[in-house]
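Hi,

Here is the structure I promised to pass on.

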Amino acid sequence: MQHNKLHRQTSLHVEATTPTIPANVTEADTNGYPPMVPEARNLRRTRSLNAPSPFQQFGPCGRIMKNSAMVMQIQDPASQRLTWYKPPLTVLVIKKKDSQVLLPFVQLVEWLVQEKHMVVWVESAVLEDKLLRDDVKLEQESAKFRGVHEKFCGVRARFLALRDKLVTFKDGRDDLTDRIDFIVCLGGDGTLLYASQLFQQSVPPVMAFYLGSLGFLTPFQCDNFQEQVTNVLEGHAALTLRSRLRCVIHRKGERRKESLQQQQSALHIGLQKSNLHRHMNNVEFNSNNNGSPPSSNSILVLNEVVINRGPSPYLSNIDIFLDGKYITSVQGDGLIVSTPTGSTAYAAAAGASIIHPSVPAILVTPICPHSLSFRPIVVPAGVELKISISPDSRNTSRVSFDGRNDQELHHGDSLRVTTSIYPVPSICSQDQITDWFDSLAEGLHWNVRKRQKCLDELSDLTASGSEDKLDEFDYLKIYDE
C-alpha cells in the first residue's frame, strides 16, 4: 500500500531543458560558471523567462561567499511541460453552480467514463442538484423552475445513466490527497480557487475551461474539448506553476504555550546529556512533541490573504515585519498580501502592479492607506512576512484567505506568510506568455484605447479637405458667371 502511495505521488513530472551558458557570454568569460560537460558547450541558450545567472566573481579578487543557505534553483518557466510517469486514471471534475454548465459537464463526464475509461470524482452536492434529479416534487416548485426542469430533461437522462459510476466527495470531510491524478474545472476563476483549497499539499495538474464571467485562470474553451483533453492526457501541454502562500496564524496564548513546551524540551534534553534524567520522574513532558513545538495549522492560498478592519469604524493599524525586521505600519482600511496570480484580483483593484505568475515574488498592497506616499511593493518570494496588530491600534482586524475562512486577529496575534513549496500546476492552452496576455486583454481590456492617427493619415485628410474647398470655390465661380 505504501508503495502504491509513493508511486501515485510521482505520477507527475515537469520536464526541463538542459541549462546552458547565456548567448551573450563568450567561452573566454565562463570562469564564473560551473564546469560543463563537453557536449554541453555546443548547446545554445534556450528561450527563457529568467535573466541569465550573474557572474559570482567581481574583478580579480571579489566574489560572493559560498553559503549553502543561498543555493536556490529556479527552473526556466518556458521549459515547464507536463509529462506522466503513468497514464492518469482518476479525474476530478469541478463545476460552478450554474444551469448553463450542466450540458458541458454531462458531456465531459460521459466522454471521460465511456471513451477514456477513467474514474470520475465529483462533489456530492452535484448529485443533489434538483435539475439532475428525477424525484423532485415539481408541484412544490415555482412555475419558472418547472420550466427549467423540463428543459433539461435530456441532460438529466444522460446524467442518471452515469450516476452510479461516479465517485463523490464532500469538502471538509474527505481527504483527496493522493487520490486524484488530474483535475478539470468548468466555470470561472472560482473553480480553480476551489481546487486549490481542496488540495493543501501537492496539487494534481489542473485544466480549466472558461464557462464563467471572468477568465484570468481559465484559458480553455469548451469547443472540441475531446481533442484538448486528449492532448493533455498524452502529455502534450505546457504548465504554469502558480505559486501559493502558506499562511499561519499564531495566537497570543498559543505562543506562550509553545515557549513553555520548548523550555521543557530544552531542559529535558540538557538533563539527558548530563545523565540526570533518571531524577526527572516528577517532571511532566509530552513525548509526542519529540522536542519540537506542535505544528500550527496552515492555509495555502492561490490569490491573496486580506487583513482589514472589518465592521469597525476605526482605521486599521497593522505592523509589517520582513524576516523578523520591522518594515512599516499600515494605517488605513487594511492590507493585501498576494501571489503573482492574485495580482489581477483584489490587488489590481487596490492599485498593485500586474505580475506574470512565473515571477517568484510576493505583493504587499495597502488598502486605502491614510498616506499619499504608501505605494504597493513587491518583495522576494523567499522572505517571511509577519503581520500583527499594532499595540496602539484602536480595534482588532479581520483576516480572510482567498475570500474564505474569515477570522479575527486580536492584539498579540500574528500572521506569518511565506511562499509554499506546493504550487498549482495550471495547464496552458498555448503557452505561458500567450495565455497570460490573452487573459489580460480579455478580462481587463488591458491597454485598450482609441488609436492615435499617424501623420500620413492626417496629411491625407488635410489634402482631401483642401481639394474639397477648391472644388467648392470653382463651383461658386461658375455659378456667379
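**What I found**

Let me start with Y326, which is partly exposed, with a relative accessibility of 47%. Bear in mind throughout that this is a predicted model. Y326 makes an aromatic pair with F321, edge-to-face, with 5.6 Å from centre to centre and 65° between the planes. F321 counts as buried, because its relative accessibility is 19% and the cut-off for buried is under 20%. F321 has another neighbour too: K386 lies over the face of its ring, 5.1 Å from the ring centre.

On aromatics in general, the count comes to seven pairs. One of them is W111 with F225: the ring centres are 5.8 Å apart and the planes stand at 90°, so this pair is edge-to-face. It links distant parts of the chain, as W111 is in helix 2 (residues 102-114) and F225 in helix 7 (residues 225-233), 114 residues apart. Both partners are buried, W111 at 12% relative accessibility and F225 at 8%.

There is also an aromatic cluster, formed by W436, F437 and W446. I354 sits in the loop between helix 9 (346-349) and strand 16 (361-369), and is partly exposed at 30% relative accessible area.

Now the strands. Strand 13 (residues 304-308) is mostly covered, with four of its five residues buried. What does it pair with? Strand 13 runs antiparallel to strand 15 (residues 325-338), joined to it by five bridges, and E304 has S338 as its bridge partner there. Strand 13 is also antiparallel to strand 19 (residues 397-401), this time with four bridges; N308 stands opposite R398 in strand 19.

Then the charges. The structure holds 11 salt bridges, and these are the ones I'd point you to:

- D333 with R309: the closest N and O atoms are 2.8 Å apart. D333 lies in strand 15 and R309 in the loop between strand 13 and strand 14 (316-322), so the pair ties together parts that are 24 residues apart in sequence. Both are partly exposed, D333 at 23% and R309 at 24%.
- R251 with D413: here the closest N and O atoms are 2.9 Å apart. The pair links distant parts of the chain, 162 residues apart: R251 is in the loop between strand 11 (245-250) and helix 8 (252-273), and D413 in the loop between strand 20 (404-409) and strand 21 (414-419). R251 is partly exposed at 21%, whereas D413 is buried at 4%.
- E141 with K130: the closest N and O atoms are 3.0 Å apart. Both residues sit in the loop between helix 3 (124-127) and helix 4 (143-151), 11 residues apart. E141 is partly exposed at 22% relative accessibility, and K130 is partly exposed at 38%.

Finally, E128, R133 and D135 are linked in a network of salt bridges.

Cheers

How values were computed: Residues numbered from 1 in each chain as written. Predicted model: local features only at pLDDT ≥ 70, side-chain atom pairs only at ≥ 80, totals over all residues. Heavy atoms only, no water. Buried < 20%, exposed > 50% of the residue type's maximum accessible area, 1.4 Å probe, protein only. Helix = DSSP H or I, 4+ residues; strand = E, 2+ residues; numbered from the N terminus. Pairing = 2+ DSSP bridges. Salt bridge = Lys/Arg side-chain N within 4 Å of Asp/Glu carboxyl O. Phe/Tyr/Trp six-rings, centres within 6.5 Å; stacked < 30°, edge-to-face > 60°. Lys NZ or Arg CZ within 6 Å of the ring centre and 35° of its normal.
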